[in-house]
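Please read them alongside the coordinates.

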Amino acid sequence: MTTIEYDVVVIGAGPVGENVADRVVRGGLTAAIVERELVGGECSYWACMPTKALLRSASALRAARHLPGAREAVTGDLDAAAVLARRDSFASHWQDDGQVSWLESAGIALHRGHGRISSARVVEVTGVDGVTTTLTARHAVVVATGSSALLPDIPGLREAAPWSSREAASARSVPRRLAIIGGGVVAAEMATAFAALGSSVTVLARDGLLPSAEPFAGERVTDSLREAGVSVHLGAEAVSVKRDGSGTVHIETASGERVEADEVLVAVGRTPNTQDIGLDGIGLAPGAWLAVDDTLRVVGGGEWLYAAGDVNRRVLLTHQGKYQARAVGDVIVARAKSATVEDGRWGRHVATADERAVPQVVFTDAEIASVGLTAAAAEAAGLRTRVVDYDLGAVAGSTLHADGYQGHARMVVDEDRKVIVGFTLAGPDVAELIHAATIAIVGEVPLDRLWHAVPAYPTVSEVWLRLLETYGR
């Protein structure tokens, strides 16, 4: 058995783990990263990048069809094979050579295999050849193992060989009929993508579509999916699933509805990848989410153990995990060098934005872009708020952007501080607009000052002026 010592050992080489290791090395420490699958993780091969590649071509085609002149130039339907080929390129054809090369250039050591914490600051890595290497961390071990799709306990579901988000993102062909169990972001985006690619899609959304977003967001996406031919069943709960000898999947709902499909995608949530990483040996529960303090140190795990990304359940989004990773890497370096730890609100070594300033985009039709609290969440948090709505389609820039542009904008204002705490946009191509709202919320910019941030005319961003005018000065 070989033993190697580093300052920091990171378990998981997805975007979060890569960023932790990078910050550590930039700070002057040594780092090793352990990965049992592909370097680059879920986002690179089975989530963010390939799924958005699946969605983008259809989005561009819709945009062209809403503009006279461009509409006449567009002939034919979406080329599914070309879309899948472009998706493959964004997933690097499921090869991680480029990511491995980046690790080498960044001075980060890679150990391939399954990593388990065997004791304080010690990680044992078992390679595919069965050889075990022991890695000892002088300062910290960081768990960045992410999450996997949750498979609910529905009779017959496991035996039916369902798709998870991974199989949907990497599908080699487009099923004639696709059933989706779930109504969250993955369900909504994959319904959008596969309907555009030619599948007959049925969505069984027990809790509604996009239930965590503002109600108008889910309503608009539901309407657009139905206009695209998707059968959306709100409140429908799957109670049994069976794949017959011909390969057809039969789904029965609690109300007695029956759905037949060639494939069934299950998108009802996530579960942490902590089942077999040695947590039981250090007094923590295997398979559990890892609770962390403000500096992302694992509660009950000792001063040397940190968790970043999905695995700590603060926010299950890649960009937020990378944000946490930068804080973790920097605080480990600070503690290793006995430097000052800035752990106050908005400090360098904490992830304050996780609390109330998380941006997210759902790449459906319409796109849903949001940051901060919904109106309901703000009320539940005890804030005294005012909700301001505006028709996004009435903005001059929107009318130029596309004929018949339909959209909606909402800002949620904390009336006691006169700052924005929530912002949601629904409409074509709104994704790139949300960062302005993120800055306003993180910076806690007073509404009186926002009046001086003049939007260029004629752009869709003029909605900021219209929202402020609706609020009043």
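Predicted model: local features only at pLDDT ≥ 70, side-chain atom pairs only at ≥ 80, totals over all residues.

1. A salt bridge is taken here as a side-chain nitrogen of Lys or Arg within 4 Å of a carboxyl oxygen of Asp or Glu. By this rule the count comes to 32 salt bridges.

2. Two of the salt bridges involve residues adjacent in numbering. Arg71 and Glu72 meet through their side chains at 3.9 Å, N to O. Arg71 is partly exposed at 35% relative accessibility, and Glu72 is exposed at 52%. Arg87 and Asp88 form a salt bridge with an N to O distance of 2.7 Å. Here Arg87 is buried, with a relative accessible area of 1%, and Asp88 is buried as well, at 10%.

3. The closest N and O atoms of Glu260 and Arg177 are 3.7 Å apart. Glu260 is partly exposed at 46% relative accessibility, whereas Arg177 counts as buried at 17%.

4. Salt bridges also occur as a network. Arg345, Glu355, Asp414, Arg417 and Glu444 are linked in this way. As a general point, side chains of opposite charge can pair when their charged atoms come close.

5. There are 3 aromatic pairs in the structure. One of them is formed by Trp163 and Phe194, a tilted pair with 5.8 Å between centres and 55° between the planes. Trp163 sits in the loop between β7 (147-149) and α7 (165-169), while Phe194 is in helix α8 (residues 185-197); the two are 31 residues apart, and the pair links distant parts of the chain.

6. Another aromatic pair consists of Phe423 and Trp464, whose ring centres are 4.5 Å apart. Is this pair stacked or tilted? The planes lie 15° apart, and planes under 30 degrees apart count as stacked, so the pair is stacked. Phe423 is in strand β21 (residues 419-427) and Trp464 in helix α16 (residues 463-471), so the contact ties together parts that are 41 residues apart in sequence. Phe423 is buried at 1% relative accessibility, and Trp464 is buried at 12%.

7. A charge placed over a ring deserves a separate entry. Arg166 lies over the face of Trp46, at 3.6 Å from the ring centre.

8. The structure holds 1 disulfide, which joins Cys43 to Cys48 with an S to S distance of 2.5 Å. What is the handedness of the disulfide between Cys43 and Cys48? The torsion about its S-S bond is about -130°, so the disulfide is left-handed. The two cysteines fall into separate accessibility classes: Cys43 is buried at 12% relative accessible area, and Cys48 is partly exposed at 23%. The dividing value between these classes is 20%.

Technical notes: Residues numbered from 1 in each chain as written. Heavy atoms only, no water. Disulfide = S-S within 2.5 Å. Buried < 20%, exposed > 50% of the residue type's maximum accessible area, 1.4 Å probe, protein only. Phe/Tyr/Trp six-rings, centres within 6.5 Å; stacked < 30°, edge-to-face > 60°. Helix = DSSP H or I, 4+ residues; strand = E, 2+ residues; numbered from the N terminus. Lys NZ or Arg CZ within 6 Å of the ring centre and 35° of its normal.
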